[in-house]
Amino acid sequence: MPGSKSYDTETLIVHALNSVDPATRSVVPAWQPSTTFARDEAYEPLNNRVYGRDQGVTLQQAEAVLARLEEGADAMLFASGMGAATAVLQTLQRGDRLLVQRVMYWTLRDWLLDLGEQWGFEVDFFDAAGGLNALEAALRPGETKLVWLEVPANPTWDIVDIAGAARLAHEAGARLAVDSTIATPVLTRPLGLGADIVMHSATKYLGGHSDILAGLLVTAKKDDQWSRMCRLRLLGGSQLGSFDSWLLIRSLRTLFVRVRQSSANALAVARHFDGDPRLEDVLYPGLQRHPQHEIAKRQMDGGFGGMLSLRVRGGFEGAQRVAANCKLILRATSLGGVESLIEHRAAVEGPDSPIPQDLLRISIGIERVEDLISDLDQAL
């Protein structure tokens, strides 16, 4: 895009950096499905492209958009969020220690508890509600090699000070990776706060339409650790396919308006039900009484995200009844789509879940907010 340096990132993302095809003048980016590329007469690759596993045209276009969106040095797309997360973890060496939050994305927690020992690294946990004091107490200088944060934390929406965590991690000789799936780059950019790696389940808000399975890593700098992650993806064959990369580019063009609308809706829902006698609690960082509200205000720009949780009176059974009574909000796993979803976390995670039995996780979409409030009210 001519003169693109003068435009804001939000504008550039709407245009997919430069979406007009010079040959056809199409305003929608083209999908290029080729998995291999012709060489010249001397068998040298043209345009440095050999094979689609990591050099696909549409894949690299999507990665360029995402690197700009997170203001990082480079980006890699994976076939799922778990593919992205485990690529980071697999760079750890035998004997290294990893520090993670006790409440986090449950599939990744299960992977750590089940496979971490086989990989030969040790996993330490800290309570995110305890903030930087809890993180610092759990750090082992010289032994902890990676601190993994999820901000906000799913599904309690605790907020950790990313800049403070980066300082503590680096002082201890560790790197900081941040799962920023819930905040999205619209609201928080962890690399600018000192993180080394930012990860997204791009299935969620980046995709935004419940029709893409994808994961993303963006790095602050192209260092040896990043090179190892790139090689892990190349050898493991876990890259995102070309059509899903194209769908992701399509979705990113509306990311800012979708996230802002879902955030505004979530805040309205949280405020409406805060103090409702049918509830034990409303968990949302946008509420002023949230224990980390001031931190959220400092590191979330333009909203507090589209995710909230309701703790329902009546325990496990009460929460299940409320979810069952919803008519508009769909009972389904996942989050970040344009449609609102509700999930009873304890029922999904099973008996070993650290999540309260009465907690309902709600992904607030972009519907008319009065309809969402009405549906929850009748369900309660």
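L176 touches V147, L149, I162, A165, A166, A169, H170, A195, D196 and I197, leaving aside residues up to four places away in sequence. This is a predicted model. L176 belongs to the largest nonpolar core, which holds 88 residues. Within that core, L176 and L149 touch the most other members. Helix α11, residues 255-273, gives the most to this core: eight residues. In soluble globular proteins, nonpolar side chains tend to be buried together.

Now turn to the charged side chains. The whole structure has 22 salt bridges. One of them joins D211 and R250, at 3.3 Å from N to O. D211 sits in the loop between β6 (197-201) and β7 (215-219), while R250 sits in helix α10 (residues 242-252), so the pair ties together parts that are 39 residues apart in sequence.

Another pair is R278 and D377, whose side chains meet in a salt bridge at 2.6 Å, N to O. This pair links distant parts of the chain, 99 residues apart. R278 lies in the loop between α11 and β8 (279-283), and D377 lies in helix α15 (residues 369-379). R278 counts as partly exposed because its relative accessibility is 30%. D377, at 35%, also counts as partly exposed.

R345 pairs with E349, and their closest N and O atoms are 2.9 Å apart. Both residues lie in helix α14 (residues 345-349). They are four residues apart, about one turn of the helix. R345 has 2%, so it is buried. E349 has 12%, so it counts as buried as well.

R109, E343, R345, E349 and R361 are linked in a network of salt bridges. The network therefore includes R345, a buried residue, and E349, also buried.

Methods: Residues numbered from 1 in each chain as written. Predicted model: local features only at pLDDT ≥ 70, side-chain atom pairs only at ≥ 80, totals over all residues. Heavy atoms only, no water. Core = buried A, V, L, I, M, F, W, Y, C linked by side-chain atoms within 4.5 Å. Buried < 20%, exposed > 50% of the residue type's maximum accessible area, 1.4 Å probe, protein only. Helix = DSSP H or I, 4+ residues; strand = E, 2+ residues; numbered from the N terminus. Contact = heavy atoms within 4.5 Å. Salt bridge = Lys/Arg side-chain N within 4 Å of Asp/Glu carboxyl O.
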